[in-house]
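This report is meant for a reader who is meeting the structure for the first time.

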Amino acid sequence: QDPASSPGIVGYEPTYGTSFEMSKIDLDVSTILSLVLMEAHDLAIDIYKYGRNAKKEDSISYTAIQDLSNPKSQIVTNIYDRFINDGVDYTRVTEASILGVDEFKSLSPLRKSAAASLSIVTIDLHLAILDAMYQGIDVCNQEGTDANRHWDEAVALFAGWAEGVQERGSDSDGYLMFNIAQQICQRFDTCDENDNSPVNGIIIQKFSNGQDFLEQLQCDDALNSAKEIEKLIESILIDNLTYRSMTASSSFDQTSFLLAHITATALVPLMRSVDETIADVIETDLGTFPVDDYFPDGIDTVLSSLRKYVSLKGIDCSLLSSSLCDETQLSDAEQSSDTVKPNDSGHTLVNGTYTPTSDVSDLASISSLVHTICNAENSEIAIEAYSSDDSAGLTIQSMSTNAKSAMSDELMFNQYVVALSDGVEKTDGSFLFDDKPAHHYADTITSDAFKTSVELGCQSIKILNIWMWFAHKLNEAVKGCDKGRSDAYTSIDEAAALWLGNPTPSNDVGGLLFEMTESIGRMFNSVDEDNSEMVHLNRQIINRLLFAQEIFSDDKNRCASDPDTVDDLRIIVKEIFSFTSAVLAQGLIHSMLDQRDEKEKREYVELFSFAFLPLLNTCGRGEEFDILYDMLVIKKFDEADTDDVLNAIQNFYNCLGFTCDDIGNYGLRPGCTDSDLSLDNMMGYSPVNSTKTNMLAKLDLDAVAIVQLMSIENYDLARDIYVNGYSYYDYDNAEYGFVSLYDLTQSATIGYDDFTTYKLFQDYFQQSPGDLADETITNALDQQSNFVNASGPQRLEAVKTVISNIISYVSSLEAFHFAVDQCNSNSETAITAWDGGVALIIGSIESGSPNNDGYFLYATSKAMCDDFATCAEENGSYANNQLIQRFTQGQKQITEKSCSNVQQTLEAIESLLAIPLIQSML
């Protein structure tokens, strides 16, 4: 025998050393996925066909994944025949996904990588595992002495090299079937006490048993072990299909449906030998990708078919991580029949400041849980309460770990994920933060904080877990109102309970966000003048919670009866977000200026940076966000940088919707003044009504959100922001409410089209410029028409280009021409329109700093100047310099009613605006 000269594999001790080389097949998988992400498809398929890392025994060549999927044992040959029978080759999806062809052609690199990863593991390597096991059985039946050589290889193909030698594998590495089982138990919250997959433990034990049987030539016993392992691996696939199908059904998520499609492709050939009807259902509902209509037979039919297959195949339901066998556990959360309980007890929050309409006493008791956590004797006790105590109706940990399913359609949460993501999980295309799922960023940070100290963990649960869940409840109220639900008001009560909580002892570190805001706010001398018992930001937040509650005070069904209600609620919620963001800003400033030892100060600065800095990324100023993140998180805070950091943060106040006065002065240190924020200066142009113009300029923040959401492939939410808007609310005209980029493409704002450029578009495209822009953006988001085969980055670039080169361009001309039209008759309207035209060219991002790159036409001119040698020190380009001069000149002419001259100025502006359009076309 060739004794093993290599380490074990996830607790299994190989008989032969050759398994070590075979385990490196997962490095081939990793390399293939990396190349797919880089769109180096030819190199990726080359590794799939010829190998790169797993050397063959006594050879200079490598074992290839493609070769492994071609079986040598008769049992697996029969299985393989089911995959390529009747003119259908189910194995083809692996090569197609690696090459990015056929149904995978139009997918983003992330989704191609996810599809290739799952296909390799569930089809190619699944067959290879079975084949290696049954080859070992064949050798045993022939009384050969090296049956375990094949058996060891099966273990290597199941777990891989990256999982390591320790029992139960790695926490974060791995690409093969072992890793899928681990992910599944985490998703269904069915891992063991050590957070490991029970099924993996059983499979490795079965492998060890089979190894002993083969060693003793007990071939029948070894065969039974192989059959049990085969069934257990199939249970992993069923769990994966259950999870992906449920997720795709509940959130209409394309990535989940894609991975369900791949898993179904791996299972259907196996199902056909058991029950044709089951196989037909799964193939009908999941066998085609992409499709517009998910699950034509309904998700319940799919789950019922899987349940029947489990029964017919004799798979033990207790071995499934999912609750597939328990029909009552698979109901959609939205179908809950829970009724709203009225607040009959008279329970109030903050000594009667807020009286909930519904009974939220359980959720408000989260104050007691926070008290328990924050006063725990040690981190172990605190973590146990954090992760396990659900006395408030949920655990604080679950506020983060359930965030993806609860908040996938919420802008702020997604923008935090974009800001904090620092990697990609190649096996499923998901985003990572610190090697953990990025959607669980709050739990990742909080868990690490508890390892440092109870005190730091206590702060983290407030400003990360509870803060975002509070935001979620406010968003939930808006969504419920938008659907006309009569119980939308309960989410407002729940948000109030999360912010205010039940009373806690004076100066108790266990207080909720209200107490934290009181404590920090008093450092900023920001006690509210009308209520000395409450700091300014708490008063602003509570007032708006009360305003939101009042919406429903007379009519619980107001959301259904009055369509304007949702806009009223949206603006209140948006203002609450601004003031709660200001609380985080105060927290970060306090952590920098507070008197602590250097190590502790850096820990608190880092924690508040995680909570606050992602908000800066929503302002479209990525370079400044990166610099601050690097200073405060990556390199750790240096007190010498304090002034620079404070000045940088202050530049974001306007974007985030609060003021210097809202923040206040920290102790005796002078704070900023709102005049420092230069709202009356747009790259040298001074609008007459700076506040109104500044609000309109913030429409470019919708463009920021759309681009960020498209970058993480959340097209549904991107479409919602495009159509319904988020950043600009017209306070002067309630008829308009929230104004969106889509509105600018329609006649929903000024509605002025009597100018030459508009008519040129109309004549050339046989449709208005607005309709052209809307059609292009809609097609890009929905991946239809000209964008059917376009990649994600191509679609994103198309949307960016339409926003800057059509919407910004034509809308600004509409405003300028309307201003000229109104010059003689209504100079106030004319000035407002002229200022608006400037806002639609420059936007708010550029106004914040000359180093920022915005999303409107002004930014296009800056972006083109390097290539055309037209850059200038001021305003980025010579054309932009001239524009600012002409904007100011036109404003003066309107003020002086020099209307014939302003027409000439506008003609000059039109010529200058054409320059970046021509440059970007060349």
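The text below turns to the cavities and then to the helix pair.

This is a predicted model, in which local features need pLDDT of at least 70 and side-chain atom pairs count only at pLDDT 80 or more, while totals for chains, interfaces and linings use all residues. Residues are numbered from 1 along each chain as its sequence is written, and side-chain values use heavy atoms, with hydrogens and water left out.

A cavity is a set of points, on a 1 Å grid over the protein atoms alone, where a 1.4 Å probe fits but cannot get out, and its lining residues have an atom within 4 Å of a point. The count comes to 4 cavities of 30 Å³ or more, the volume being the space filled by probe spheres set on the points.

| Cavity | Volume | Helix giving the most residues |
|---|---|---|
| Largest | about 110 Å³ | helix 9, 4 residues |

Of the 13 residues that line the largest cavity, Leu-118, Ile-180, Gln-183, Thr-427 and Asp-428 lie nearest its centre. The lining of the second largest cavity includes Met-399, His-439 and Asn-465.

Helices here are DSSP runs (H or I, at least four residues), numbered from the N terminus. Helix 42 (residues 878-895) and helix 43 (residues 899-921) pack at about 160°, with axes, which are lines fitted to C-alpha atoms over the stretch in contact, 9 Å apart. That angle makes helix 42 roughly antiparallel (over 145 degrees) to helix 43.

Conventions: Axes are lines fitted to C-alpha atoms, for helices over the stretch in contact, and angles run from 0 to 180 degrees between N-to-C directions. Helices (H or I, at least four residues) and strands (E, at least two) are DSSP runs, numbered from the N terminus. Angles under 35 degrees count as roughly parallel, over 145 as roughly antiparallel, 65 to 115 as roughly perpendicular and the rest as oblique. On a 1 Å grid over the protein atoms alone, a cavity is a set of points where a 1.4 Å probe fits but cannot get out, and a pocket is an open set with protein on both sides within 12 Å along at least five of seven lines; lining residues have an atom within 4 Å of a point.
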